[in-house]
Amino acid sequence: MLEARGVQVTIGSKEILHSADLVANAGKLVAVVGPNGAGKSTLARAAGGLQRASAGSISWNGEPIERLRGRKLAKLRAFIPQRPRVPDGVRVQDAVTIGRSPHIGPFQRETKADRDAIERAMERAGVTQYADRLLTTLSGGELQRVQIAVALAQEAPALIADEPTSHLDLGASAAVARLLRDLADDGLAVVLVVHDLALATAVADEVVVVSDGRSVAAGPPLDVLTGACLADVWHVDAHLEAGDAGHTALHVAWLRDHR
Amino acid sequence: MTPAPRFAARALACALAITATAAAATPATAKAPTRIVALTPFTANTLAHLGIKPVGIGQTLGGHDKLDPALKSVKTLPLSHPAGPNLEQLAALNPQLVLSTPTWQRGETAMRKLGMKVVDVEPRSLAEVAVDTKRIGALVGRTAQANRLATQIDRGIANAQKNIRKHPTVLLIIGVGRTPYAALENSWGGDVVKKAGGRLLTRGLRASGGFARISNETVVERDPDVIIAVPHGAAGDIPRLARYLKTNPAWKTTKAARNKRIYVSTGNSLLQAWTDAGRTISDVRRSFLKN
Amino acid sequence: MPLRRLSVVMIAAVTLVAAIGASLALGAVSIPLRDVIDALTGNLDPGPFKQIVTELRLPRTVDAILVGASLGVAGALLQGALGNPLASPDVIGVTGGAGFGAVLILLVFPGSIALLPVGALVFGLAAAAIVFAVAWSGESRGGIGKLILAGIGVQAFFFAATTATMVIYSDRVQSAVFWLAGGLVSEGWTNTEAVWPYFAVGLIAAAALMRPLDRLALGDDVAASLGARPRLIRLIACATAAVLASAAASLVGLLSFLGLVTPHLVRLAGGTPSHRYVVPVSALVGATILLVGDTLARVVAAPVELPVGPFMVALGVPLFLWLLRKTV
């Protein structure tokens, strides 16, 4: 569905991404991992069309992203930013309705189909019970799931989530992880930018490692995130262990200086 | 000489002797000031009429009225809000007395600190012109001349009011623009118009400062015969200002508009006092009120 | 529409209609209600009463509605586009520019007094254009921070220029003081005829911007995800607000209080930040407040006309504070 090759992004005078690849397919969850400042978010944003790429090719279902504008792209992919704005006075119901806007014409009102889609999105994300709550009264985890509901209201076959768990506690992170995995199992193409390698290993079908502006590895998590890779890219002595039923653990020699 | 006049002559001689002694015995500080600055056209001209040449006069704001020719060579001080003259320029003239107005109140404290005597003289009505003339005379030690001048002024004012045949309703406004900032009875201009036989549209209203923003509805209702505007601007602006005022749609139905009696007054004789107050009244009668 | 929002609209609408009636029936001159109605329906003989009702009060009422609505809408657009509750036409430099344009004509070129509304309008738009030109440069094109800072800078510049002009021409200052204090004038239809197209364009554009602005609520990234173009929406919204505020200033001087407070009143009373509610209701409430304020300013000390600013503040602020106390 998504095919991004050799993506180069320059912001201001700095070249953030030199050359990176990213592929996403329906029913699969791709985790994009890497150290801070490596360019993970930039790659995800470029792939999603929120950031212009200065070189490389990005295409959705074969169509180059330059030719996909506005609503067309909105019906193909939904983007969930890392730190969304939480405005005053807006209820969960209103926010998810905003997510439905690509399907509502300029002077049209919401139809029954739209209202149903909004209901479905809230249910899928598990936030129906918060429908009348103000966004400002939600906890971090609840808010993140509302963000996912907003994206689901777009009814796009692909979802790009930029570090949705970075600021959440353990329980909330697990809930979001479960939700995203379920969505992939339902048939969505999910791209997840994430820090937590254990979480990535548990939910992802494929992992892309971004380091210093390049994608240096791609493949199944356990194949890619070897001890050598972790040492190379993150400069730590660590290794991943995976059990069944998504039970993963990251073992780190925290106090050993590996340089 | 008959007995009564002889007695009077002797009484007069005694009085004179006493006065002379008293004058001789007065301390030196009561001597009349010689270095005087006059900040308004009225005070400057009055001094000139009293035969005194001030060391400095204020620049005449908002008008092209001529000062007494005797003042031609006198140094002019530019005036600006709110303090009036530049303090350094004023100090350089070293005046003993400054004749000022409440407009420059902010600067007067500083002037007094420099040791100058500052007196506000601003006649707000025609009756005050003679009174203030005498005040100036007393301040500068020309009481006799001032009294003569005051009498002359009052006579001029009285003469200018003779044979008033008509009493048109007059709206007197200042500033540019069509919203009437109207002169009330307790302003200089309002008093001049009243004495010239006009009935002010704003009669019955009072406000401090003598001006008020009047509703155009009142103008339409009270239907003035004459509208006199005193706008600011250079000579070249006056024709366009006049045209703008004459085409004010709000005044369309008034007698003033229909009879083409909307006038623009140049100069500032309707804004502040002038020594030749009688002339001001005659001018108003002749040019505007036509009575 | 939920009951709460509906009742706010109904109350505002009823008050507006009453205010229109009061504005036409009351004034410095007492005109019997019978004659007011006759004048409006064309049944009154020509004379001072007819002149007053149709040429003085009617245009002034229309001006008040146009200006009040425009300022309310301009404030709502700006607060929505910039995501900042303190946004008002001041922030994009319009008030400073318009003030300078007016003072330039009143004090420096009084002969061109007929061009006063045009001067205020042109300089208001020019100031906004400078703000946009600065804010739209660089990579953070249309970002909120740059826009607000540019607005503050341009505003300060024009206010300083205005003050300097007033000091240099201090003997002519009185005319400028009234204009700057802000207020409507009873001058017939000429000024309205000159600027009504700007109001029309601005209000129509505002109607079209309501949905797009709602899409900015969750941030620029979510808006982009939805296929909207947040920076373009922001630019058009600010430009529309600039046009509305400049046109308003050209008629009534500087009355920015309405643009700031009206949208807040509407949001607090109606309980929703959605632009599809706030924009039109701000028009309604803004028009009502200005009309009531102006009627009071004309009547309270008649035949003297007082400035309308204090009356609007007296009406709007207590209501605003009361609503503020009631919210969580």
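In this predicted model, helix α11 of chain B, residues 277–289, has as its buried residues B:Ala277, B:Gly278, B:Thr280, B:Ile281, B:Val284, B:Arg285, B:Phe288 and B:Leu289. Viewed down the axis of α11(B), these buried residues fall within an arc of 160°, so they line one face of the helix. The face turned away from that buried side bears the exposed residues B:Arg286 and B:Ser287. Several elements of chain B cover the buried residues of α11(B), including the helices α5 (126–140), α6 (143–160) and α7 (188–195). The strands β8 (169–174), β12 (226–230) and β13 (262–264) of chain B are also among what covers them. Just after α11(B), B:Lys290 adopts a positive phi of about 50°.

Another part of chain B is built around a sheet. This sheet is open and contains 5 strands, in the order β3-β2-β1-β6-β7, with parallel pairing. At its edges stand β3 (75–77) and β7 (117–120) of chain B, each of which pairs on one side only. On average, and with direction ignored, neighbouring strands of this sheet are turned by 20° against each other. Within the sheet, strand β1 (residues 36–38) of chain B runs parallel to strand β2 (residues 56–58) of chain B, and 2 bridges join them. The bridge partner of B:Val37 in β2(B) is B:Gly56. A helix also accompanies these strands: α2 of chain B, residues 41–49, lies across β1, β2 and β6 (97–100) of that chain. The direction of α2(B) is at about 135° to β1(B).

In chain A, two helices may be followed together. Helix α3(A) packs against helix α5 (residues 140–153) of chain A at an angle of about 35°, and their axes are 6 Å apart. The crossing of α3(A) and α5(A) is right-handed. On the side of α3(A), the residues that meet the other helix are A:Val92, A:Ala95, A:Val96, A:Ile98 and A:Gly99. Their counterparts in α5(A) are A:Val146, A:Ala149, A:Val150, A:Ala151 and A:Ala153. By class, the residues of this contact between α3(A) and α5(A) comprise 9 nonpolar, 1 polar and no charged.

The contacts between chains complete the picture. How many residues of chain A are in contact with chain C? There are 24 of them, and they touch 16 residues of chain C. On the side of chain A that touches chain C, the elements giving two or more residues are α2 (70–74), β6 (77–80) and α3 (92–99) of chain A. That side of chain A consists of 14 nonpolar, 6 polar and 4 charged residues.

Chains B and C have the most contacts among the 2 pairs of chains that touch. Their contact takes 32 residues from chain B and 32 residues from chain C. On the chain B side, β11 (211–213), α8 (216–222) and α9 (238–246) each supply at least two residues. The largest share of this side, 5 residues, comes from α8(B). The residues of chain B that touch chain C divide into 11 nonpolar, 14 polar and 7 charged. Chains A and B, by contrast, are joined by no contact, and their closest C-alpha atoms lie 43 Å apart.

Methods. Residues numbered from 1 in each chain as written. Chains lettered and ligands numbered in written order. Predicted model: local features only at pLDDT ≥ 70, side-chain atom pairs only at ≥ 80, totals over all residues. Pairing = 2+ DSSP bridges. Helix = DSSP H or I, 4+ residues; strand = E, 2+ residues; numbered from the N terminus. Axes fitted to C-alpha atoms, helices over the stretch in contact; angles between N-to-C directions. Contact = placed C-beta atoms within 7 Å. Nonpolar A, V, L, I, M, F, W, Y, C, P; charged D, E, K, R; others polar. Buried ≥ 20, exposed ≤ 12 C-beta atoms within 10 Å, placed from the backbone. Arc of directions from axis to C-beta. Left-handed = near helix turned anticlockwise from the far one by under 90°.
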